[in-house]
There are 2 protein chains.
Amino acid sequence: MTSAIIVAAGKGTRMGPNVDKLFLELNGKPVVAHTWQRFDAADCVQEIILVVRDGMEKEFAKLAAKYKFAKPHRVVVGGKERQDSVWNGLEALSPTCDIVAIQDAARPCTEQAVIEETIQAAREMGAAVAAQPVTDTIKESGGGLLIERTVDRSRLWAVQTPQTFRVEIIRRSLAEARRQGVAVTDDTAACELIGQPVKLVVGHKPNPKVTRPEDIAYIEVLLKGTAKANPPSSKARRRPRRK
Amino acid sequence: MTSAIIVAAGKGTRMGPNVDKLFLELNGKPVVAHTWQRFDAADCVQEIILVVRDGMEKEFAKLAAKYKFAKPHRVVVGGKERQDSVWNGLEALSPTCDIVAIQDAARPCTEQAVIEETIQAAREMGAAVAAQPVTDTIKESGGGLLIERTVDRSRLWAVQTPQTFRVEIIRRSLAEARRQGVAVTDDTAACELIGQPVKLVVGHKPNPKVTRPEDIAYIEVLLKGTAKANPPSSKARRRPRRK
């Protein structure tokens, strides 16, 4: 079976003090409820683990009741760093789970087709991640504020979530990161430690993370667009979207 | 004297056919009028050259009249590629111009302080560009869809505009690009051809380019924020903003 882990244990300081960005409203619904909805509606996902900050369990129980999420879910408490939170999520998976999609709670726009494709690719290859080509002009500095060279952006990808894995592979990767004492800011970086190849799954719509206050209005517009274009069953429209 | 060249000759196909993104309205005012306004209000800029598509001259004359831009300006027609358009802009500069700030017309949010700092840095060092640190997690592929490595993003910068130069340096750089037959997508890349160092000037607010339809709502929010925070004379507030 395939599970999703929604990582909702971060602090997100760029929004300002005392603002929990996951509970800011987007078109009248909290950020994290949008994200949860995406996975609740994904046919290929059978259970959802929410990793939350200690003391927030009740808020998530309220969300589940209010939005009538249909899929089995469990709420677990996160750890000190992101990788500790993911670890706790992995510990809470059903024993029969063999594929896991790990998602930032602050990414409410992830396309159904991208969720499905990362799951398919993880099944085939072991690991996959949602990604988009870098479109900015990128320069490398020597560490200071002088340009050293223009970087060939045709090989650069901004990676997002879901990051999706065969369960034994992500367990082994994160265990290796712990063993080496390496801090990994994303889960595919842990795969690099054990030489596990990771497939890039190209999303065709923006999949931003709520980070700064001005992101809210932008993401509201994106969500209005996908609400019309993104019915729960995405298969029917996958072809037209790839045009 | 210091001049600005606003490059408004591009086609911008990502908005859809028959949409001129520079004339889309942001809070009731065309994109390019916001950009023009930024430079019209910059104390350190003495003239403005607009490089436009053939046949669009009248539209720009209308804008100047409607928004009562105060600074001397000239409208010239662009060339085939971006670098040809910049070249035409350079040809139109006043003979006494020694510093030129080259700006994408589709970037309506550029901070006054960033304009000033690139001009100051170009005066001191020859060349400078508005830039922001890359915040996405970046992976490099081997050309296909497999991750090859995680890139150390601490040395990566997304460069924007203005790109600001001593006039003789950008002339020499673009002449070298022509001589070598190299297509440069940004003007600082031409400087690399003659070994000219370029200073990165770090902007503290988003400075996006209007590219896709969903950018409009986001940029409207940004502009509402800066309209309050960004009076024409920026000197008084530069210190607080750097906090």
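This is a predicted model: local features need pLDDT of at least 70, side-chain atom pairs count only at pLDDT 80 or more; totals for chains, interfaces and linings use all residues.
Chain A shows a cis peptide bond between Thr161(A) and Pro162(A), where omega is about 10°. Here Pro162(A) lies in strand β10 of chain A, which covers residues 156-166.

In chain B, β10 (residues 156-166) is joined to β7(B) by 6 bridges, and the two strands run antiparallel. Within this pairing, Val129(B) has Gln163(B) of β10(B) as its bridge partner. Strand β7(B) also pairs with β11 (residues 199-202) of chain B, this time in a parallel arrangement and through 4 bridges. Ala131(B) stands opposite Val202(B) of β11(B) in that pairing. Strand β7 of chain B, made up of residues 127-133, is mostly covered, with 6 of its 7 residues buried.

All 6 of the 6 residues of β4(B) are buried, so the strand is largely enclosed by the rest of the structure. Both of its faces are covered: Glu47(B), Ile49(B) and Val51(B) are buried on one side, and Ile48(B), Leu50(B) and Val52(B) are buried on the other. Strand β1 (residues 2-8) of chain B pairs with β4(B) in the parallel sense over 6 bridges. Strand β5 (residues 73-77) of chain B pairs with β4(B) as well, again in the parallel sense, over 5 bridges. Leu50(B) can be followed through both pairings: Leu50(B) is the bridge partner of Ile6(B), and Val75(B) in β5(B) is the bridge partner of Leu50(B).

Lys68(A) follows α2(A) and lies in the loop between α2 and β5 of chain A. Although Lys68(A) is not a glycine, its phi is positive, at about 50°. With a relative accessibility of 68%, Lys68(A) counts as exposed. Asn27(A), also not a glycine, has a positive phi of about 50°. Asn27(A) is found in the loop between β2 (25-26) and β3 of chain A, and at 35% relative accessibility Asn27(A) counts as partly exposed. In the loop between β4 and α2 of chain A lies Asp54(A), which is exposed, with a relative accessible area of 67%. The C-alpha atoms of Asp54(A) and Arg38(A) are separated by 24 Å, with the two residues 16 apart along the chain.

Over all chains, the count comes to 7 aromatic pairs. In chain A, Trp36(A), Tyr67(A) and Phe69(A) form one aromatic cluster. Charged groups also sit over rings: Arg178(A) lies over the face of Trp87(A), 3.9 Å from the ring centre. In chain B, the charged end of Arg178(B) sits over the ring of Trp87(B), at 3.9 Å from its centre.

Finally, the relation between the two chains can be described. Chain B can be laid on chain A with an RMSD of 0.0 Å by a turn of 180° and a shift of 0.0 Å along the axis. The two copies are thus related as by a two-fold rotation axis. Among the residues of chain B, Tyr218(B) comes closest to this rotation axis, with its C-alpha at 2.2 Å. As for the interface, 100% of the interface residues of chain B are also interface residues in chain A, so the copies meet through the same surface.

How values were computed:
Residues are numbered from 1 along each chain as its sequence is written. Chains are lettered from A and ligands numbered from 1 in the order in which they are written. Side-chain values use heavy atoms; hydrogens and water are left out. Copies are superposed by least squares on the C-alpha atoms of residues with pLDDT of at least 70 in both. Contact means heavy atoms within 4.5 Å. Buried means under 20% relative accessible area, exposed over 50%, partly exposed in between (1.4 Å probe, protein chains only). Two strands pair if DSSP finds at least two bridges between them. Rings of Phe, Tyr and Trp (its six-membered ring) pair if their centres lie within 6.5 Å; planes under 30 degrees apart count as stacked, over 60 as edge-to-face and the rest as tilted. A charge sits over a ring if NZ of Lys or CZ of Arg is within 6 Å of the ring centre and within 35 degrees of the ring normal.
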